[in-house]
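Biologist: I would like to learn how to read this kind of structure, feature by feature. Where do we start?

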Amino acid sequence: MKKNIKFKGRLRNYMFRPMLLTILLILMNIPMYLYRLETGLMSSAFTAVYFIVVCTTYHKNKPLFERELINFATQYGTVQKKLLNEFDIAYALIDYNGKILWVNEKFTELTGKTKSYHKSVASVFSQITKELLQKNEGSAGISFEWEEKYLRAQLTRIEFSAISPDNQIVSLEDSDGYFTALYIYDETELNRCIQEKDDQKLVAALVYIDNYDEALDSIEDVKRSLLVALVDRKVNKYFTCMDGLVRKIEKDKYFVVFRHMYLDKIREDRFSLIEDVKTVKAGNEIAVTLSIGIGDAGATYNQNYEYARMAIDLALGRGGDQAVIKEGEHISYYGGTTKQVDKHTRVKARVKAHALREIIESRGHVVVMGHHIADVDSFGAAIGVYCAGRELGKKVQIVINEVTSSLRPLKDCFTEERGYPPDMFINGEMAMEITNNNTLVMVVDTNRPSYTDCPGILKKTKSIVVFDHHRQINEVVENPVLSYIEPYASSTCEMIAEVLQYFTENIKLASCEADAIYAGILIDTNNFMQKTGVRTFEAAAYLRRCGAEVTRVRKMLRNDMTAHKARAEVISHAEVYRDAFAISVCPGDKVDSPTVISAQSANELLNIIGIKASFVLTDYQNKIFISSRSIDEINVQQIMEQLGGGGHSNIAGAQLANCTLEEAKSRIRNLLDEMIEKGDIKI
C-alpha cells in the first residue's frame with residue numbers, strides 16, 4: 001500500500017494552523033450560550049461552516065503542494081546533476097568494489113572514458129586500487145604521475161546510512177555499504193610553476209683556497225700573479241657556465257651566487273672544479289686545493305648565506321679539498337680524497353693557547369673528557385690539559401669511565417704516592433655532580449657529543465672547549481667558547497704539545513706527563529709511520545726535552561701474549577675482498593681491550609702486499625666496533641662516514657648498534673661495491 005507524503009516541521013504547522021483555530025472558536029462558543037441561546041447556536045453554526053471550509057481547502061490544496069514540492073525537488077536535482085556533469089573538475093562515483101558508476105564530462109575529457117564505462121577505476125588509474133578505497137574511511141588524497149601529467153586524487157567516502165535514512169520509497173539492504181566520490185585535480189601546470197619558482201631561487205656559495213700561502217711560497221715571485229690569475233679563471237669559468245655570479249671578497253676567498261636549477265648539475269658533476277684546480281701549474285710544487293660551502297633551502301637569502309658559511313667551516317674542519325652542501329638540517333659531502341697538507345705555521349696554535357689560558361683563568365674548575373673507551377691519545381691530551389690547569393693553579397679532573405689494559409700502565413703513573421690528587425680521575429656520575437656554570441668542560445680527541453664519556457655534563461655548563469684532530473661531521477658540540485679542530489694534526493697530543501709551548505713561559509712537565517703525551521703521538525702515528533709532518537716531530541722533540549723517554553714509553557705500550565695471539569688470529573682469518581680490501585674479525589671475548597687490538601690488527605694488515613684498506617670488526621659492549629686503516633690510496637674516512645663514523649683519510653672507525661658481525665661485514669662489502677660503482681673508490 002502506497003504511503004502518502006507527510007509534511008513535517010514548519011510546513012506541517014503552517015498547514016494545520018487554520019484547523020487549530022477551530023478549537024479556539026469552540027471555546028468562544030461557551031460564553032455565547034451562557035449569554036443567549038440564539039447567539040450560541042449562530043456561533044456554533046459559523047464554527048461548523050469554518051471547519052468544513054478549512055478541511056475542504058486543506059484536502060484540496062494538499063495534492064497541489066505535494067506536486068509543487070516534487071516538481072521543485074526534481075528541477076533542483078536536475079540542476080544539481082547538470083552542474084555536476086558540467087563541473088570543471090573531473091568527477092566520478094565509484095562503488096565499494098572500485099567499479100565506476102558515473103563520470104562527468106571533465107572526467108571523460110581527461111581520461112577518454114564515457115558514462116558507459118563501468119570497469120574498475122584501477123584500469124584507468126593504477127594507483128587507485130580497491131585496497132586504497134577500502135582503507136580510506138573518510139577523506140584522503142594521493143598524488144601521482146599519469147601520462148606525463150601530475151594528478152591529485154581526492155577520495156571521499158559516502159556511507160549508505162547517510163543517504164535519506166527516513167526515505168519512504170527506497171529501502172537500502174546494506175546499511176554498512178558506501179560509495180566513493182573521486183575528484184581528479186590536474187596539477188601539472190601548478191607543479192611546473194612551483195618547480196620553476198624553486199629553480200629560480202638563489203643559492204649562496206663560498207669558495208676558499210685551502211693552501212694559498214703554501215702554494216705561493218713554492219713558486220717564484222714573478223709567477224705568483226700568474227698562478228692566482230689561473231685559479232681565478234678556473235673558478236669564474238666553472239660558475240659562469242651555470243649563469244653564476246662570482247665575486248672575489250679576499251685574496252683566497254670567493255662569494256658565488258647561482259640559481260637552484262644548477263645545483264643538481266653540480267652534484268652530478270661531483271664538483272669537478274676541485275680536481276680541475278689541482279691541474280693548475282705555474283711552477284708551483286704544491287697543487288692548489290679548494291674548499292666549497294653551499295647553502296640552500298633557507299627561508300631567506302641571508303639564511304642561505306649563513307648555511308654556506310657553516311658549510312665552508314665544516315669543509316675546512318674536515319681538512320679542506322672538498323665541498324659541503326647544507327640544505328637546512330641535511331648536509332652532503334663531496335671530495336676530500338686528497339691527503340691533507342701539513343701547515344707549517346704555528347700562528348693558530350699560539351692564538352688558541354692564549355685563548356685557552358684566558359678561559360681557564362676565568363673559571364674555577366676544569367673537567368677534561370675524552371671519548372668513550374679512552375685511548376692513549378685522549379688520555380695523553382687530558383694529561384696535557386691537567387698540566388696547563390695546574391700551571392694556573394686551577395683544579396683539573398679527568399673523566400674516565402673505563403680503563404683498558406693498554407691504558408692502565410700509563411694511568412698507574414699518576415697515583416697519590418707520586419704527588420697527584422686522589423680525585424684526579426673521576427667517572428661520569430661524579431662529573432655530573434661537580435659540574436656547574438663555573439666549570440670549564442674540555443673535550444679532547446673527539447668533536448661528537450655522543451662519543452664522549454659523559455655527554456650529560458655538556459648541558460650543565462656553557463663553558464665548553466673542544467680540541468680534536470678528527471674531521472667534523474653533522475654531529476658537533478654546540479656553542480663551544482673555543483674550538484680547535486685541526487685535521488692536519490697527527491693526534492690531539494700533538495696539538496696539546498704545541499699549545500703548551502705557548503701557554504706560559506717555561507711550563508714544567510714531569511717525565512710521566514711528557515711520556516703520556518708522547519705516547520699519544522706515537523700510537524696515533526703508528527710509530528711515526530702515518531700522518532706525520534714537520535710539526536709532529538717538533539712536538540715530539542719538545543716532549544723529549546721535557547723528559548719523555550722513548551724506551552720507557554715503548555715498555556708501557558707493550559701487549560701481553562694473549563693480545564699478540566689475538567692479532568695473529570685476526571690476520572690469519574682475514575678475508576681479501578676484491579683483491580684490495582682486507583676484512584677480518586677480532587675475538588672480543590679473548591682480550592681485555594678488543595678495540596685496541598682491532599686497531600693494531602688493522603695496521604698490521606696493511607703490511608700485506610696488495611691490501612689498500614683494512615677493516616677489523618669486534619663485538620664489544622653490545623656494539624660492533626669497526627677499525628679501518630689505509631696507506632694513501634683509499635680514503636677510509638669517507639667509507640666510515642657512510643656507516644655513521646668518521647676519522648681521517650687513512651685512520652677511521654665506526655660503531656654499529658643492533659647488528660651482528662656478519663651483517664656488519666655484509667654492509668661493508670655492499671658499501672665498497674656501491675662506492676666503486678659510483679667512482680668514489682678507484683682500485
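Biologist: Is Asp-232 buried or exposed?

Modeller: Start with the cut-offs: buried means under 20% relative accessible area, exposed over 50%, and partly exposed in between, with a 1.4 Å probe and protein chains only. Asp-232 counts as buried because its relative accessibility is 18%. Keep in mind that this is a predicted model: local features need pLDDT of at least 70, side-chain atom pairs count only at pLDDT 80 or more, and totals for chains, interfaces and linings use all residues. Residues are numbered from 1 along each chain as its sequence is written, and side-chain values use heavy atoms, with hydrogens and water left out.

Biologist: Which helix holds Asp-232, and which residues is Asp-232 in contact with?

Modeller: Helices (H or I, at least four residues) and strands (E, at least two) are DSSP runs, numbered from the N terminus. Asp-232 is in helix H7, residues 221–240. Contact means heavy atoms within 4.5 Å. Leaving aside neighbours within four places in sequence, Asp-232 is in contact with Lys-248 and Tyr-254. Those two residues are also bridge partners, Lys-248 with Tyr-254 in S8.

Biologist: How do I read the strand pairing around S8?

Modeller: Two strands pair if DSSP finds at least two bridges between them. Strand S7 (residues 245–250) and S8 run antiparallel, joined by five bridges. A hairpin links S7 to S8 through two residues. Strand S6 (residues 202–209) also runs antiparallel to S8, with seven bridges. There, Leu-202 has Arg-259 of S8 as its bridge partner. S8 itself spans residues 253–259, and five of its seven residues are buried.

Biologist: What covers the faces of a strand such as S16?

Modeller: Take the general idea before the case. In a regular strand the side chains alternate between the two faces of the sheet. In S16, both faces are covered. Ile-464, Val-466 and Asp-468 are buried on one side, Val-465 and Phe-467 on the other.

Biologist: Which strands pair with S16?

Modeller: Strand S15 (residues 439–444) pairs with S16 in the parallel sense over four bridges. Val-443 has Val-466 as its partner in S16. Strand S17 (residues 482–485) also runs parallel to S16, again with four bridges. Here Val-465 stands opposite Leu-482.

Biologist: How many residues are in the largest nonpolar core?

Modeller: A nonpolar core is a set of buried Ala, Val, Leu, Ile, Met, Phe, Trp, Tyr and Cys residues joined through side-chain atoms within 4.5 Å. The largest has 62 residues. Those with the most contacts inside it include Leu-356, Phe-379, Phe-467 and Leu-543. Helix H12 (residues 376–391) gives the most to this core, with nine residues. A second, separate core has 35 residues, including Val-256, Phe-258, Ala-323 and Tyr-334.

Biologist: What does Leu-543 touch?

Modeller: Residues up to four places away in sequence are not counted. Among the residues that Leu-543 touches are Ala-497, Leu-509, Ile-517 and Tyr-518.

Biologist: How many salt bridges are there?

Modeller: Side chains of opposite charge can pair when their charged atoms come close. A salt bridge is a side-chain nitrogen of Lys or Arg within 4 Å of a carboxyl oxygen of Asp or Glu. By this rule the count is 31. In one of them, Glu-498 meets Arg-535 at 2.7 Å, N to O. Glu-498 lies in helix H15 (residues 492–503) and Arg-535 in helix H17 (residues 534–545), so the pair ties together parts that are 37 residues apart in sequence. Both Glu-498 and Arg-535 are buried.

Biologist: How does the Arg-552 pair read, and which residue is its partner?

Modeller: Arg-552 forms a salt bridge with Asp-515, and the closest N and O atoms are 2.5 Å apart. The pair links helix H18 (residues 550–556), which holds Arg-552, to helix H16 (residues 511–524), which holds Asp-515.
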